[in-house]
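Me: I would like to learn how to read sheets, helix packing and domain contacts in a model. Please take the features one at a time.

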Amino acid sequence: MPTSLVHLRRGALLCAALALTVPLPAANAPAAAPAQPPRTPVVAAPARTWEFAEDGVVFDSQFPAARLSECTRLGPGAYAVTSEPENRPINPSPWFAFRVRAERPRPVSIRINTATARLRYVPKVSVDGRRWITLPAEAFVRGEREDEGTIRIDVGPEPLWVAAQEIVSGEDLDSWGRSLESLPFVARSEIGRSVGGRALHALDIDATASGAASGCVVIVGRQHPPEVTGSLALMRFVETVVAETPLARRFRARFAVLVVPLVNPDGVAGGHWRHNLNGVDTNRDWDRFDQPETRAVRDAVRAMRETRRPVLHLDFHSTFSDVFYTQTDDKPMQPAGFTKVWLEGISTRVPSYAIKRTPNANPTQATSHHWAHREFGIPAITYELGDNTDRALLQTVAAAAAESMMEQLLALVPETPAR
Ligand SMILES: [Zn+2]
């Protein structure tokens, strides 16, 4: 085991011991700011190649979003790869991504180990890094340990990409944003920089007459690097809002949309499991705003509210199944009653789709949706997509969600909102 990992583990034990001594918050302390446990330092995964000359097999992790901490040979054509998280403690969403090739076509077996976290994702493979397939059951067998599984697959001279989910990198999201920028009512700008100095981009979708917007929808995404299905849904949702349909044109005549598709570019680039480059879960920072990423989004939203009042906040994520984390219907907010009719509108459009809604989830966590609801008194929703949600269904539901949102905001929000 590399020395740094030994230190990491010892550090984690020490941190766990220290956590026991953290005093409980006083009864009148603000519920939105629970003490966070001490964190271990962030460890970057190496960008390197591992060559096994005796087999003519090469692994590499030299591409954006790669994560492969160690690779060893177990025997002829048999290898073990490990993905360690960027730091601990951390939620168990173990990302991994690497490439493998062989001088001559041959079968290989690759044991994937995710460092004590349950192997959550069924590996996907790709020959070009763009089109992906989920490995079928005969090519991927889970191990006796929950953090292990073994791939058996043929490789050849062309690199085979292997990843926890299909890769939607920061570069992919940037080029998607640039493609929307060609529309006359979309402006793309830098709203700040990440810990690692990467640009945070916002798409400002505004076809309203100057100063006449009835309101603005705020959309954020990819706070958590492995949550690719959240990005897929966010892109489809936004594409539906900018489409040349009668509904979208009517919506854009009255409403603006501010989109920050990638809140955690360093985490995505580094193949992180969860955190930013400071080792912080940005979606637990929407009270302290200690991190430059959350501060930049907060400031961009606040900066526009004088002229375009936020009316809805959506934060796209991924978890084990599709679920909407919402406020309860009895909470006062404007537009009143939006969430219920929005979700009903999705059901009407996709009758076979079972909506799962969890009101008031994790009320003490400093998530973006709790912040937006408190700050603006608006519906603010974490839209979670399942890790394994059928990708065609995901596209259908995300488009239906955008259509229903446009329809309901047009119906519920007065043309000249109260300032
Ligand atoms: Zn998330």
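Reply: Start with pairing: two strands pair if DSSP finds at least two bridges between them. Helices (H or I, at least four residues) and strands (E, at least two) are DSSP runs, numbered from the N terminus. This is a predicted model, in which local features need pLDDT of at least 70, side-chain atom pairs count only at pLDDT 80 or more, and totals for chains, interfaces and linings use all residues. Residues are numbered from 1 along each chain as its sequence is written.

Me: In what order do the six strands of the open sheet lie?

Reply: Strands of a sheet pair through backbone hydrogen bonds, either parallel or antiparallel. Here the order is β1-β2-β5-β11-β7-β8, with antiparallel pairing. β1 (49-52) and β8 (133-134) are at the edges; each has a single partner strand, so one side of each lacks a neighbour in the sheet. Strand β7 (residues 124-126) is joined to β8 by two bridges, and Lys124 stands opposite Thr134 in β8.

Me: What is the pairing in the sheet of eight strands?

Reply: The pairing is mixed, and this open sheet has the order β12-β13-β15-β14-β16-β19-β17-β18. Strand β13 (residues 199-205) and strand β15 (residues 255-260) run antiparallel and share three bridges. Ile205 stands opposite Val257 in β15.

Me: At what angle do helix α3 and helix α9 pack?

Reply: Two packed helices are described by the angle between their axes and the distance between the axes. Axes are lines fitted to C-alpha atoms, for helices over the stretch in contact, and angles run from 0 to 180 degrees between N-to-C directions. Helix α3 (residues 228-241) and helix α9 (residues 391-412) pack at about 45 degrees, with their axes 8 Å apart. That makes α3 oblique to α9 (angles under 35 degrees count as roughly parallel, over 145 as roughly antiparallel, 65 to 115 as roughly perpendicular and the rest as oblique).

Me: Which domains does the assignment give?

Reply: Domain bounds come from an automatic or database domain assignment. For the protein chain, the assignment gives domain 1 (44-163) and domain 2 (170-412). Their contact takes 17 residues from domain 1 and 15 residues from domain 2, two residues being in contact if their C-beta atoms, placed from the backbone, lie within 7 Å. The C-alpha centres of the two domains are 32 Å apart.
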